[in-house]
Amino acid sequence: MGSMSTSTIMDDVPRNNQRRRPRESGNPALRTKNTNGGKELLDAPPSRGMTAEDKAEVLAPSALYRLMAWLSPAFPVGAFSYSSGIEWAIEAGDITDAETLKDWLTVTLTQGGGYCDAVLFAAAHRGVTQDDDKALFEAAELAAAFAPSKERHLETTAQGNAFVDAARAAWACPALDKLKDTWSGPVAYPVAVAVTAAGHGIALEPALAAYLQALAANWVSAGVRLIPLGQTQGLQILAALEPAVTATAARACACALDDIGSSAFRADLASARHETQYTRLFRS
């Protein structure tokens, strides 16, 4: 053994048959705790040493589960039946292939209806988390009035009212009652999702990003069916839209209702022209 002492050797052996404490994962969202049946994920990540931005990016498993359920195509809001004017744009020749669909959706997300929805979503979410009934009312009122056409108004309010009914039946929360007491008119889709997410303690940033991803996915699905495109092409377009979704979510989180506005005029025109389109599969 040379000059190595007995105490040095024993330092590497657990004393009193105690096991060494396992190292925690570097990812705060993957921390585990021991149970009789093994390990399970902790519901809330640790906050020590994390910035506000870090906390906003880390979702508890229960929050992730709810967002995935609420924004799944299986959630009964009828999203599959709306194209937001894409159907008319394809008939008019504005959208002809995967590249033109991607360009159309990028503009709509960053400068058109997607951006407007994001600003309304952020305002409604803040109205709930800050317990500001006036702000919540203003967001709900503007969202119901801001649709650029009759069919877009139908699209957002039909889905919004359906979302509120479904969420109340399965994921009831006081925030939904507050919305009902504050606003008696039709509920726009971004307001419905934002209020529900805020009522369940889900942070604005991940909730808004998830909403915009679901919106983009529904638009891509409409384009895939109408052009038509292959499923792989649709996935490639959805992947290419990730920067637009991320940028729009970040921009909207820093905006007030006064900053809302659309410069995607052709998309707004498409939603109006669709009302008199002779042959159509979608409601908008």
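Hi everyone. In this chain, 76% of the contacts with a separation of 6 or more are between residues 24 or more positions apart, where a contact means heavy atoms within 4.5 Å. A word on the source: this is a predicted model, in which local features need pLDDT of at least 70, side-chain atom pairs count only at pLDDT 80 or more, and totals for chains, interfaces and linings use all residues. Residues are numbered from 1 along each chain as its sequence is written, and side-chain values use heavy atoms, with hydrogens and water left out.

Now the overall picture. The chain has 14 helices and two strands; those are DSSP runs, numbered from the N terminus, with helices being H or I of at least four residues and strands E of at least two. Of its 284 residues, 42% count as buried, that is, under 20% relative accessible area with a 1.4 Å probe and protein chains only.

On to the pockets. Rolling a probe the size of a water molecule over the atoms shows where empty space is left. Here a pocket is an open set of points on a 1 Å grid over the protein atoms alone, where a 1.4 Å probe fits, with protein on both sides within 12 Å along at least five of seven lines; lining residues have an atom within 4 Å of a point. Volume is the space filled by probe spheres set on the points, which are joined across faces, edges and corners.

The largest pocket holds about 550 Å³. Its lining has 28 residues, with Pro73, Ala214, Ala217, Asn218 and Ser221 nearest the centre. Which helix gives the most to that lining? It's α11, with ten residues. By type, the lining splits into 17 nonpolar, nine polar and two charged; Ala, Val, Leu, Ile, Met, Phe, Trp, Tyr, Cys and Pro count as nonpolar, Asp, Glu, Lys and Arg as charged, and the others, Gly among them, as polar.

The second largest pocket has about 290 Å³ of space. Gly113, Cys116, Pro148, Arg152 and Asp268 lie nearest its centre, out of 22 lining residues. Helix α6 gives the most here, with four residues, and the lining divides into 13 nonpolar, six polar and three charged.

Finally, let's look at one residue. Threonine 248 sits in helix α13, residues 242–253. Is threonine 248 buried or exposed? It counts as buried, because its relative accessibility is 3%. Setting aside neighbours within four places in sequence, threonine 248 contacts Leu109, Thr110, Gly114, Tyr115, Ala118 and Leu212.

Key:
Buried means under 20% relative accessible area, exposed over 50%, partly exposed in between (1.4 Å probe, protein chains only).
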